[in-house]
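Subject: Structure handover

Hello,

Here is the structure for you to look over. My notes follow below it.

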Amino acid sequence: MFDVEGLRLLDTVARTGSFTAAAASLNYTQSAVSRRIAVLEQRAGGPLFERLPRGVRLTPAGEALHHHARVVLNRLTRAEEELAGIHGGYRGRLRVGAFATANVALVPGALRAFREDFPDVELVPVEGPSRSLLRRMREGGLDLAVVSDYPADLPDEEGAELIELAVDELLVALPRDHRLAGREIVDLRELREETWIEAPPPGRTTALATACARAGFTPRASVRIGEWTGKFGFVAAGLGITLVPAIAAHAVPPDLVLRSLGDLAPRRTVYAALPPAPLPAARTLVRLLARQAGQWGGA
């Protein structure tokens with residue numbers, strides 16, 4: 001029934017007290033203001049202003065409509081501010097996906113720094129395997145994803161932008177009483193008889209298999225455990241060994257030791273993935289993720 005420009009004109013006339021002043025404020029002619037107010041009064045079913053010798057004054061109907069006009073205009077202003085904030089990166093919601101070990105230190109550190117600078121942005125963390133995060137981002141469910149090419153290569157994602165954050169060495173986790181636990185660097189070839197604990201994706205070559213192939217052997221049949229606390233528990237019990245990304249070293253319990261595999265150590269690349277036309281807030285978080293990656297030495 002009432003258009004926004006008509007309500008804005010009503011408010012301006014009410015605040016300035018005259019058609020002439022409202023016309024000057026809005027860069028209209030006085031006759032244009034008079035015509036538009038007449039149309040508004042026709043839609044309202046009666047006069048909205050008393051015409052006085054000097055200016056105009058709201059009628060009771062005008063006061064009622066002006067009250068509602070102010071509510072509508074204020075809400076629209078808030079909506080404009082909120083949208084500007086979303087596109088400017090300092091309001092709204094940011095949905096951030098990450099694989100499990102990225103949530104040990106990399107992502108939490110970056111999100112903490114982001115929240116300090118942008119407290120009005122709602123952060124929604126989502127955890128999952130890299131491939132499922134990319135798929136979810138492609139479907140519009142994530143604004144940013146932290147992904148890696150471990151345990152297997154990433155799929156080609158048309159339209160996704162990948163920003164390299166770090167190259168992360170994979171360390172071997174051993175129980176403290178393991179025969180090789182006292183060394184700083186363990187030769188992968190000395191682990192050819194060990195049982196490996198991992199959860200390889202079906203039908204895809206893993207980083208462990210590739211590294212062992214370079215070392216001249218095929219790893220023994222592994223114990224299939226996917227969750228990290230379960231892997232640590234099996235290693236601590238002496239049921240096998242596992243690879244742990246350096247990015248997750250802080251999460252390793254004290255009854256295990258981490259050792260480098262030297263030149264034969266598998267490595268993975270950690271990326272921030274963005275969809276086409278990413279939010280500015282997502283771009284800002286990528287910069288903080290890169291800074292955080294540099295602090296723990298993975299960049």
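Is Gly-240 buried or exposed? This is a predicted model, and in it Gly-240 has a relative accessible area of 7%. The cut-off for buried is under 20%. Gly-240 is therefore buried.

Some context for that residue. Gly-240 sits in the loop between helix 8 (228-236) and strand 9 (242-245). Leaving aside residues up to four places away in sequence, Gly-240 touches Thr-195, Ile-197, Phe-234 and Val-235. Pro-47 is another matter. Gly-240 and Pro-47 are 193 residues apart along the chain. Their C-alpha atoms are separated by 86 Å.

Now the chain as a whole. Its secondary structure comes to nine helices and eleven strands. The radius of gyration is 31 Å, while the globule rule gives 19 Å for 299 residues. Along the principal axes, the C-alpha trace spans about 100 × 35 × 25 Å.

Burial and surface next. Of the 299 residues in the chain, 44% are buried. The chain exposes about 15,600 Å². Carbon and sulfur atoms supply 50% of that area. On contacts, take those with a separation of 6 or more: 72% of them are between residues 24 or more positions apart.

Then the helix pair. How do helix 2 and helix 3 lie relative to each other? Helix 2 covers residues 19-26 and helix 3 covers residues 30-44. Their axes come within 8 Å and cross at roughly 110°. Angles of 65 to 115 degrees count as roughly perpendicular. Helix 2 and helix 3 are therefore roughly perpendicular to each other. Helix 2 makes the contact with Phe-19, Thr-20 and Ala-23. Helix 3 brings Gln-30, Val-33, Ser-34 and Ile-37. By type, the residues of this contact divide into four nonpolar, three polar and no charged.

His-66 is found in helix 4 (residues 60-88). Its relative accessibility is 16%, so His-66 counts as buried. Which residues does His-66 touch, not counting residues up to four places away in sequence? They are Leu-10, Asp-11, Ala-14 and Leu-58.

Best wishes

Key:
Residues are numbered from 1 along each chain as its sequence is written. This is a predicted model: local features need pLDDT of at least 70, side-chain atom pairs count only at pLDDT 80 or more; totals for chains, interfaces and linings use all residues. Side-chain values use heavy atoms; hydrogens and water are left out. Axes are lines fitted to C-alpha atoms, for helices over the stretch in contact, and angles run from 0 to 180 degrees between N-to-C directions. Helices (H or I, at least four residues) and strands (E, at least two) are DSSP runs, numbered from the N terminus. Angles under 35 degrees count as roughly parallel, over 145 as roughly antiparallel, 65 to 115 as roughly perpendicular and the rest as oblique. Contact means heavy atoms within 4.5 Å. Ala, Val, Leu, Ile, Met, Phe, Trp, Tyr, Cys and Pro count as nonpolar, Asp, Glu, Lys and Arg as charged, and the others, Gly among them, as polar. The radius of gyration is taken over C-alpha atoms; the globule rule is 2.2 Å times the number of residues to the power 0.38. Buried means under 20% relative accessible area, exposed over 50%, partly exposed in between (1.4 Å probe, protein chains only). Accessible areas come from the Shrake-Rupley method with a 1.4 Å probe; for residues, only the protein chains shown count as cover.
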